[in-house]
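Subject: Handing over the structure

Hello,

As promised, I am passing this structure on to you. Have a look at it first, and then read on for what was found in it.

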Amino acid sequence: MPGKIANILAIESSCDDTSVAIVRGNLSDDIPQVLAWAVQSQDEVHSKFGGVVPELASRAHLLNLLPCLKKVLHETDLQMEEMDAFAATSEPGLVSCLLIGHTAAKTFSLFYDRPLISCHHIHAHLASVYIRTKPDFPFLAAVVSGGHSSLFRVDHYDQFSQIGQTLDDAIGEAFDKGAKILGFSQFPGGPEIDRAAQTGDPAAYKFGKVQTPDLNMSFSGLKSELQRTIKREGLEVRQSDLAASYQAALIRHLLDKIDLALSRESLKRVVIVGGVARNSELRNKLEQLKASGRIEEWAAPPLEFCTDNAAMVGVLAFRHFKSKNFVGLDSDVKSTSRPKRERRVPQ
Ligand code: KG4
Ligand code: ZN
């Protein structure tokens, strides 16, 4: 259908960020343009619990969704009637949170008589790299966030397969739990460790090499090692040195598996997406691998598109729109892999 332009309204509400975006693309294009996007973080809501409280997150989505929608409509000067489809994340995630965004998209679809598109959150993270860059295929993609750590072989926009994953905590979860152990009060703690590590010595404390079969990863043992180190060193512990050493150990394990995956799949290019793709140690190490010739190229989305956002949902939805991959109003949401960062409301 060359020449046909599509506007898609996309919603993301799978965890603790409420986000709405409008993308527009010519159906002969591979990737649409992100016309506008808005995000409302809930970090302040969950900070004091040290993790995402599902009941509070879904209430906050209810409050934040319509202001985000109004913002993108205002910025684009578009009306709801001008949308060609409505899309929302349907899995995986916290069910009570997914339901807010997905039900909103369903209602818009029914009211404006437009197709409904359901998006997989991890596949949307994969699509986030196309927002500003055009990486050459094939490549190895590491989806590294608070809820997921997975390796994908990507051969084309719609052609990819998962080849590795974590056996326990996601790497972002290991950063967040580690930050708590280290005494940082902000949630999420990943950026806190990253910041503290800038002035620390990554060789100050020794962490063992993590051994896991194949392309599987495991981050929870490093967290226990961090706990033991703090117990052993007590008040003598140097926070920035320990943060730098812990961060180096987490990133080393991820890079070991990336290196193995590159060899096994005969790949030379790496893409990182998800919140942990913002990490400076990971970015520096990939730059070193490029300088040494181990990889040809690496890419990541701009920092604002690494963490959860609806722009990436819009890009994936556009791919589904092109192939008429629509769902019915009876479609459901799924929590296929539950983010372990979730916390219960304290009694
Ligand atoms: O992608 P995202 O918004 O949420 C999930 O889909 O889970 O990622 C959030 C995660 C948190 O665990 C946070 O600590 C981590 O990304 N993160 C970082 C950094 N910035 C965010 N981890 C390490 N270094 C950073 N600079
Ligand atoms: Zn995510």
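A word on the names you will meet: helices (H or I, at least four residues) and strands (E, at least two) are DSSP runs, numbered from the N terminus. Glu281, for example, is found in helix H9. Please keep in mind that this is a predicted model.

**The two domains**

The domain assignment of the protein chain gives two parts: domain 1 covers 5-126 + 306-322, and domain 2 covers 136-300. Their C-alpha centres lie 27 Å apart. Where the domains touch, 19 residues from domain 1 and 19 residues from domain 2 take part.

**The sheet E3-E2-E1-E4-E5**

Let us begin with an open sheet of five strands, which has the order E3-E2-E1-E4-E5 and mixed pairing. At its edges stand strand E3 (33-41) and strand E5 (116-120), each with a single partner strand, so one side of each has no neighbour in the sheet. On average, neighbouring strands here are turned by 20° against each other, direction ignored.

Seven of its eight residues are buried, so E1 is largely enclosed by the rest of the structure. E1 and strand E2 (residues 17-26) run antiparallel and are joined by eight bridges. These two strands form a hairpin, with four residues between them. Within this pairing, Glu12 has Ser19 in E2 as its bridge partner.

E1 also pairs with strand E4 (residues 85-91), this time in the parallel sense and over four bridges. There the bridge partner of Ile11 is Ala88 in E4. E2, for its part, pairs with E3 in the antiparallel sense over eight bridges, and Val20 stands opposite Ala38 in E3.

Which strands does helix H2 touch as it packs on the sheet? H2 (residues 54-76) touches E1, E2 and E3, and its direction makes about 30° with that of E2. Helix H3 (residues 95-112) lies across E1, E4 and E5, running at about 155° to E4.

**The sheet E8-E7-E6-E9-E10**

There is another open sheet of five strands, with mixed pairing and the order E8-E7-E6-E9-E10. Its edge strands are strand E8 (159-165) and strand E10 (297-299), each of which pairs on one side only. Neighbouring strands in this sheet are turned by 25° against each other on average, direction ignored.

Strand E9 (residues 269-273) and E10 pair in the parallel sense over three bridges. Here Val270 has Trp298 in E10 as its bridge partner.

Helix H8 lies across strand E6 (139-144), strand E7 (149-156), E8 and E9, and runs at about 155° to E6. How far apart are the end C-alpha atoms of H8? They are 39 Å apart, which agrees with the 39 Å that its 27 residues should span at 1.5 Å a residue. Just after H8, Ser266 takes a positive phi of about 50°.

**Helices and cores**

Helix H6 (residues 190-197) is mostly covered, as six of its eight residues are buried. These are Gly190, Glu192, Ile193, Asp194, Ala196 and Ala197. They pack against helix H5 (171-181), helix H8 (239-265) and helix H9 (280-291).

The largest nonpolar core has 41 residues, and Ile171, Ile258 and Ile272 touch the most other members. Two or more residues each come from E6, H5, H6, helix H7 (220-233), H8, E9 and H9. H8 gives the largest share, 11 residues. Apart from this core lies another one, of 38 residues, among them Ile117, Ala141, Val154 and Phe305.

Ile272 deserves a click in your viewer. Leaving aside neighbours within four places in sequence, Ile272 is in contact with residues including Ala142, Leu282, Leu286 and Trp298.

Finally, back to Glu281. Not counting residues up to four places away in sequence, Glu281 touches Gln247, Ala248 and Ile251.

Enjoy exploring it, and write back with any questions.

Best wishes

How values were computed
Residues numbered from 1 in each chain as written. Chains lettered and ligands numbered in written order. Predicted model: local features only at pLDDT ≥ 70, side-chain atom pairs only at ≥ 80, totals over all residues. Heavy atoms only, no water. Buried < 20%, exposed > 50% of the residue type's maximum accessible area, 1.4 Å probe, protein only. Contact = heavy atoms within 4.5 Å. Expected span 1.5 Å × (residues − 1). Pairing = 2+ DSSP bridges. Axes fitted to C-alpha atoms, helices over the stretch in contact; angles between N-to-C directions. Core = buried A, V, L, I, M, F, W, Y, C linked by side-chain atoms within 4.5 Å. Domains from an automatic or database assignment.
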